[in-house]
Every structure is written in C-alpha cells, then in structure tokens.
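Reader: Hi! Could you walk me through this one? I'd like to hop between a few spots.

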Amino acid sequence: SIVTILFSSLETFISSTRRIYPNPSAGNFTIEAKDLANQVVDMRLFDMAGKRMISRKYRISDSGNLPISISGLDQGMYLLSIETLGQVISEIIVLK
C-alpha cells in the first residue's frame, strides 16, 4: 500500500530528553526518550518512497532507552515514526 508521509520538523524529536544515536549507523540505533520511560510505543519505519518497512510495538525501558536494529535493510535514508501518548515523533535516520 502507498503511505503518504508528512515530514514534521526534526526539532520535534531532538530535545534535551530525546535523541536517536548513532545517526548514521550500520543498523543499530538507540532511541533515548527519558520522558517516555516505561511507555509502550508504536514504532514504524518507512523508506523514502513511503513503503512501510517495519511496524512494531515496543516498551521503552526504565532508563528511557530503546535499542532498534534495522541491519537487514538496504543502505539509505528512512523515516522513523514513533507514536505514543497521543503524539507522533518523527526522525530521519541513515543506514550506512
């Protein structure tokens, strides 16, 4: 199916309490979101053509970290979307 992606400001995610690192990465990223500790999040990953590559639910750890592995995907740019508590957090990540 075709998915229309509306890009939000990258500043939406990047703050003193939220970040994704390392970016770019060879496939292993960590989402740090201390304000979302112990929350269940819907994580979706889209390629730049809008094709959904991953769609899963995760629980962010007590420490506010969530390790994500996408090493099986092709190199390139992806849109990572995390939905929780009525908000959608988006970030472009680069798989090298």
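Author: Happy to. A word on terms: strands here are DSSP runs of E with at least two residues, numbered from the N terminus. Arg 44 is found in one of these, strand S3, which covers residues 40-47. Keep in mind that this is a predicted model.

Reader: Thanks! Is Arg 44 buried or partly exposed?

Author: Arg 44 is partly exposed, because its relative accessible area is 22% and buried means under 20%.

Reader: And which residues does Arg 44 touch, leaving out those up to four places away in sequence?

Author: Arg 44 touches Arg 52, Ile 54, Ser 55, Leu 79, Leu 80, Ser 81 and Glu 83.

Reader: You mentioned Ser 81. Where does Ser 81 lie?

Author: Ser 81 lies in strand S6. With a relative accessible area of 10%, Ser 81 is buried, so it falls under the 20% limit.

Reader: What's around Ser 81, again skipping residues up to four places away?

Author: Its contacts are Asp 42, Met 43, Arg 44, Phe 46, Val 88, Ile 89 and Ser 90.

Reader: Staying with strand S6, what about Met 77? Which residues does the strand span?

Author: Strand S6 runs over residues 76-84, and Met 77 is part of it. Met 77 is partly exposed, at a relative accessible area of 44%. Beyond its neighbours within four places in sequence, Met 77 is in contact with Asp 47, Met 48, Ile 92, Ile 93 and Val 94.

Reader: How far apart are the C-alpha atoms of Met 77 and Ile 92?

Author: They are separated by 6.7 Å, and the two residues are 15 apart along the chain.

Reader: Switching topic: how many cavities of 30 Å³ or more are there?

Author: The structure holds one. The largest cavity has a volume of about 40 Å³, and its lining is made of Ile 20, Phe 29, Ile 31, Met 43, Leu 45, Ile 68, Ile 70, Leu 80 and Ile 93. Strand S2 (28-33) and S3 are the elements that give two or more residues to that lining.

Reader: Last one, on rings. What sits over the ring of Tyr 21?

Author: The charged end of Arg 19 does, 4.1 Å from the ring centre. As for aromatic pairs, the count is zero.

How values were computed: Residues are numbered from 1 along each chain as its sequence is written. This is a predicted model: local features need pLDDT of at least 70, side-chain atom pairs count only at pLDDT 80 or more; totals for chains, interfaces and linings use all residues. Side-chain values use heavy atoms; hydrogens and water are left out. Rings of Phe, Tyr and Trp (its six-membered ring) pair if their centres lie within 6.5 Å; planes under 30 degrees apart count as stacked, over 60 as edge-to-face and the rest as tilted. A charge sits over a ring if NZ of Lys or CZ of Arg is within 6 Å of the ring centre and within 35 degrees of the ring normal. Helices (H or I, at least four residues) and strands (E, at least two) are DSSP runs, numbered from the N terminus. Buried means under 20% relative accessible area, exposed over 50%, partly exposed in between (1.4 Å probe, protein chains only). Contact means heavy atoms within 4.5 Å. On a 1 Å grid over the protein atoms alone, a cavity is a set of points where a 1.4 Å probe fits but cannot get out, and a pocket is an open set with protein on both sides within 12 Å along at least five of seven lines; lining residues have an atom within 4 Å of a point. Grid points are joined across faces, edges and corners, and a volume is the space filled by probe spheres set on the points.
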